[in-house]
Amino acid sequence: MTGDILLGVVLGAHGLGGEVRVKTFTESPARLGAYGPLHTPEGRVLVITTARAAKSDGAIVRFKGIEDRSAAEALAQAKLLVARDAFPATDPDEFYHADLIGLRVLDREGRVIGEIRAIHNHGAGDVLEILRDDGGTLLLPFAKDFVSRIDLADKSVVVTEPEDIEAEEQRGVE
């Protein structure tokens, strides 16, 4: 897979010495710098010199060359990216969430429902946000009951919509 992966967003300055608060999208905030230098969509390269966890999805970060509060404030809202190629390869049955964004979503009969727009986690598990072809949005738990197949080579995901599960349960099919 190619492209950039969003690892975090600078929320603002932290203190007077050039540190910034970052909302991280990594499994652990400490992993923010694990893949090498970060870059912004505008092409600015940012090298982490120190980072420490702050809250469950945040970090306090110092970047090389950012020495004072003014320089740190200038980074506010900067998206922190890394090249997808910097990530380790996955096994055939593994994937990164970022690899799922944009995949076609099919029902069990092979009909196109839409495409994956985002993956959210608000504390109770991952949820797929699917932009339907009819313009609507479908939110599905990212669980085996709802997602039966992921095929990165075919760029598709097969899902079972909640109505289908309810209909099967009413007919006594499990």
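Mentor: We'll take the cores, then the pockets, the aromatic pairs and a few loop residues.

Trainee: What kind of model is this, and how do I count residues?

Mentor: It's a predicted model, where local features need pLDDT of at least 70 and side-chain atom pairs count only at pLDDT 80 or more, while totals for chains, interfaces and linings use all residues. Residues are numbered from 1 along each chain as its sequence is written, and side-chain values use heavy atoms, with hydrogens and water left out.

Trainee: What makes a set of residues a nonpolar core?

Mentor: The members are buried Ala, Val, Leu, Ile, Met, Phe, Trp, Tyr and Cys residues, joined through side-chain atoms within 4.5 Å. The largest such core here has 20 residues, and L7, V20 and F63 touch the most other members. At least two residues of this core come from each of β1 (4-14), β2 (19-24), β6 (58-63) and β7 (79-83). β1 gives the most, with four residues. Strands here are DSSP runs (E, at least two residues) and helices are too (H or I, at least four), numbered from the N terminus.

Trainee: Which residues is V20 in contact with, apart from its neighbours within four places in sequence?

Mentor: Contact means heavy atoms within 4.5 Å. On that basis V20 is in contact with V10, G12, A13, H14, A59, I60, V61, F63, A72 and L75. There's also a second, separate core of 13 residues, including V105, I113, I130 and L138. As a rule, nonpolar side chains in soluble globular proteins tend to be buried together.

Trainee: What makes something a pocket rather than a cavity?

Mentor: On a 1 Å grid over the protein atoms alone, a cavity is a set of points where a 1.4 Å probe fits but cannot get out; a pocket is an open set with protein on both sides within 12 Å along at least five of seven lines, and lining residues have an atom within 4 Å of a point. The largest pocket has 28 lining residues, with L6, F25, T26, E27 and H97 nearest its centre. Its volume is about 1,100 Å³, which is the space filled by probe spheres set on grid points joined across faces, edges and corners.

Trainee: Which element gives the largest share of that lining?

Mentor: β9 does, with five residues. β1, β2, α2 (97-100) and β9 (112-121) each supply at least two. By class, the lining has 14 nonpolar, seven polar and seven charged residues; Ala, Val, Leu, Ile, Met, Phe, Trp, Tyr, Cys and Pro count as nonpolar, Asp, Glu, Lys and Arg as charged, and the others, Gly among them, as polar.

Trainee: What about the second largest pocket?

Mentor: Its volume is about 150 Å³. L11, R21, V22, K23, A54, K55, D57, G58, A59 and I60 line the second largest pocket, and they divide into five nonpolar, one polar and four charged.

Trainee: Why is the F87 and Y96 pair called edge-to-face?

Mentor: Rings of Phe, Tyr and Trp (its six-membered ring) pair if their centres lie within 6.5 Å; planes under 30 degrees apart count as stacked, over 60 as edge-to-face and the rest as tilted. The centres of F87 and Y96 are 4.9 Å apart and the planes stand at 75 degrees, so the pair is edge-to-face.

Trainee: And what makes the F95 and F142 pair tilted?

Mentor: That pair is 6.0 Å centre to centre with 45 degrees between the planes, hence tilted. F95 is in the loop between β7 and α2 and F142 in the loop between β11 (137-141) and β12 (147-151), so the pair ties together parts 47 residues apart in sequence.

Trainee: How do you know whether F87 and Y96 are buried or partly exposed?

Mentor: Buried means under 20% relative accessible area, exposed over 50%, and partly exposed in between (1.4 Å probe, protein chains only). F87 has 11%, so it counts as buried, whereas Y96 has 22% and counts as partly exposed.

Trainee: What makes phi of Q77 worth a look?

Mentor: Most residues other than glycine have a negative phi. Phi of Q77 is near 70 degrees, a positive value in a residue other than glycine. Q77 sits in the loop between α1 and β7, and at 56% relative accessible area Q77 is exposed. K155 has a positive phi too, about 55 degrees, although it is not a glycine.
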